[in-house]
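This report sets out selected features of the model shown below.

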Amino acid sequence: MNLLKKIGKGLAIAALWIGVWYAIWAIVNEPLLFPAPHAVAKRLFELLGERSFYAITGKSLWNILKGVLIGVFSGCLLSALTALIPLAGDFFRPFMTVVKTTPVASFIILLLLFAGAAKTPSLVTILIVLPIVWSNLDEGLRRIDPKLREVATVYRFSTSKRMKLLVFPSVLPYFSSALKSALGLAWKAGVAAEIIAMPRGTIGTQIGNAKLYLESADLFAWTLTVILLSFAIESVLLKLLEHLFEKGRRRARHASV
Amino acid sequence: MLRFEQVSFSYGKRVVLNDFSFTLHDGELLALMGASGSGKTTILHLAAGLLTPTSGKIESDFLPPAVVFQEPRLFPHLTVRENLAAVQEKTDEKAILDALALMALSEWADAYPKELSGGMQSRASLARALLFPTDLYLFDEPFGALDEETKRKVLTNLKAFLAEKGAAAILVTHQNEDAEAFAKRKFFLTTAD
């Protein structure tokens with residue numbers, strides 16, 4: 001009953017927004033610039049029937065996921081390093097601040113010059129994900145209860161016990177929230193990099209071309225694809241992480257018993 | 001034996017201990033008393049190695065001590081049983097159940113700290129200390145949250161446990177009757193300044 005209510009509510013909200021879209025379409029009255037929802041849906045279904053669609057989305061998906069994975073991994077490594085060596089934290093903090101505040105477009109253009117079109121989307125994604133993961137983990141490590149730290153010291157906890165009972169429980173909520181923000185931004189930045197860099201056979205390139213040739217239905221259909229992919233990946237990854245965290249938490253508890 | 005030799009300690013400019021000396025013998029139970037800010041907790045933290053003296057020397061033949069802090073300091077994501085097991089190298093379920101029974105907590109083994117009252121959490125913290133393999137126990141006002149009846153029971157059990165083990169202990173307390181009930185020797189601290 002609850003699920004049905006939830007689905008009903010979701011459908012009603014979606015219908016309302018499609019209504020808003022139709023209203024804007026009617027007001028603008030320029031199908032070349034602003035297509036109707038049914039035209040976009042028709043184009044999306046056409047794309048779904050083409051083999052190249054899957055190759056293109058697969059390539060963009062790989063570009064962005066590769067960037068996310070490398071960004072998360074290096075963010076974890078770096079936060080461990082800066083937790084162990086405070087001087088390293090002082091060294092990296094200005095770099096992270098610069099990376100966070102620099103406009104994404106500047107990075108894209110710089111990387112395009114130095115790394116080429118094919119590598120730019122992944123590299124931009126890394127630069128977006130890394131500071132988010134690092135700063136969140138850094139915060140999580142700082143928030144470890146100093147009183148529980150003393151308990152671990154007094155009772156001579158081994159490194160693995162310290163990690164399981166003290167570090168992971170404090171850091172995991174921060175890691176999870178970092179992933180949530182990083183995944184959303186990774187898609188935005190990764191596709192933006194593809195639009196500017198135009199590497200062959202990617203979603204960004206398709207969006208760029210659609211803009212160039214004023215194929216608004218294509219532009220909207222590819223954008224919708226990005227939104228749906230981003231939503232699906234975020235949901236799957238976060239569910240997977242939640243499952244792994246819960247499993248890890250249970251294992252940590254069993255290991256201590 | 002635990003020996004403090006002319007130990008001084010300051011938090012920044014605030015001197016807490018000044019040329020403090022005392023000795024705790026094997027198997028001895030000592031009550032440490034004094035006004036707030038006289039350095040009682042600091043002495044326990046120095047003895048536990050959580051603080052380093054500004055000057056002076058601390059020598060100990062004891063194993064690393066078990067400490068019961070003023071607050072229970074239990075891991076919130078672990079049950080009482082898991083909190084106790086955390087201080088053991090290899091889980092000894094019987095020892096855990098014995099320690100819980102000594103602290104009248106047997107029925108709360110699978111509860112999480114937030115499900116316990118303040119007094120129960122203090123007893124769980126005491127039970128955890130009893131499981132740590134040591135011959136020196138440091139108790140920092142562990143009975144503050146306990147009612148009179150429970151306190152008497154816990155004190156009796158604690159003394160019996162320490163006597164059976166032949167372990168030494170320092171009890172920091174403000175209550176003269178607790179000190180009398182626990183230790184033969186009382187040590188009064190005055191403020192460093």
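Does B:D178 count as buried or exposed? B:D178 counts as buried, at 4% relative accessibility; buried means under 20% relative accessible area, exposed over 50%, and partly exposed in between, with a 1.4 Å probe and protein chains only.

## Basis of the report

The model is predicted: local features need pLDDT of at least 70, side-chain atom pairs count only at pLDDT 80 or more, and totals for chains, interfaces and linings use all residues. Residues are numbered from 1 along each chain as its sequence is written, chains are lettered from A and ligands numbered from 1 in the order in which they are written, and side-chain values use heavy atoms, with hydrogens and water left out.

B:D178 forms a salt bridge with B:K151, and the closest N and O atoms are 3.2 Å apart. A salt bridge is here a side-chain nitrogen of Lys or Arg within 4 Å of a carboxyl oxygen of Asp or Glu. The pair links distant parts of the chain, 27 residues apart: B:K151 lies in helix α5 of chain B and B:D178 in helix α6 (residues 176-182) of chain B. B:K151 also counts as buried, at 7% relative accessibility.

Helices (H or I, at least four residues) and strands (E, at least two) are DSSP runs, numbered from the N terminus.

## Strands β6 and β7 of chain B

Strand β6(B) is largely enclosed by the rest of the structure, because 5 of its 5 residues are buried. Both of its faces are covered, with B:L136, B:L138 and B:D140 buried on one side and B:Y137 and B:F139 buried on the other. Strand β7 (residues 168-172) of chain B is likewise mostly covered, 5 of its 5 residues being buried. On β7(B), the buried residues are B:A168, B:I170 and B:V172 on one side and B:A169 and B:L171 on the other.

β6(B) and β7(B) run parallel and are joined by 5 bridges; two strands pair if DSSP finds at least two bridges between them. β6(B) in turn pairs in the parallel sense with β5(B) over 3 bridges, with B:V68 opposite B:F139.

Together, β6(B), α5(B) and β7(B) make a right-handed β-α-β unit. A crossover is right-handed if, with the strands pointing away from the viewer, the path from the first strand over the helix to the second runs clockwise.

## Helix α4 of chain B

Helix α4 (residues 118-131) of chain B has 14 residues and reaches 20 Å from its first C-alpha to its last, close to the 20 Å expected at 1.5 Å a residue. The expected span is 1.5 Å times one less than the number of residues.

α4(B) is mostly covered, with 12 of its 14 residues buried. The buried residues include B:M120, B:L126, B:L130 and B:L131, as well as B:R123 and B:R128. Their cover includes α7 (146-154) of chain A, together with elements of chain B, among them β5 (66-68), α3 (93-102) and α5 (148-165).

## The contact between chains A and B

The contact takes 25 residues from chain B and 17 residues from chain A, contact meaning heavy atoms within 4.5 Å. The area buried between the two chains is about 2,000 Å², and carbon and sulfur atoms give 66% of it. Buried area is the accessible area (1.4 Å probe) that two parts lose on being put together, summed over both. B:R73, B:F75 and B:H77 supply 29% of the area that chain B buries against chain A, more than any other three residues.

Across this interface the rule finds 2 salt bridges. B:R73 forms a salt bridge with A:E150, with the closest N and O atoms 2.6 Å apart. B:R73 also forms a salt bridge with B:E71, at 2.7 Å between the closest N and O atoms. B:R73 is buried, with a relative accessible area of 11%, whereas B:E71 is partly exposed at 28%.

## Salt bridges over all chains

A search of the whole structure finds 21 salt bridges over all chains. In chain A, the side chains of A:E139 and A:R143 meet in a salt bridge, at 3.0 Å from N to O. A:E139 counts as partly exposed at 28% relative accessibility, and A:R143 counts as exposed at 53%.
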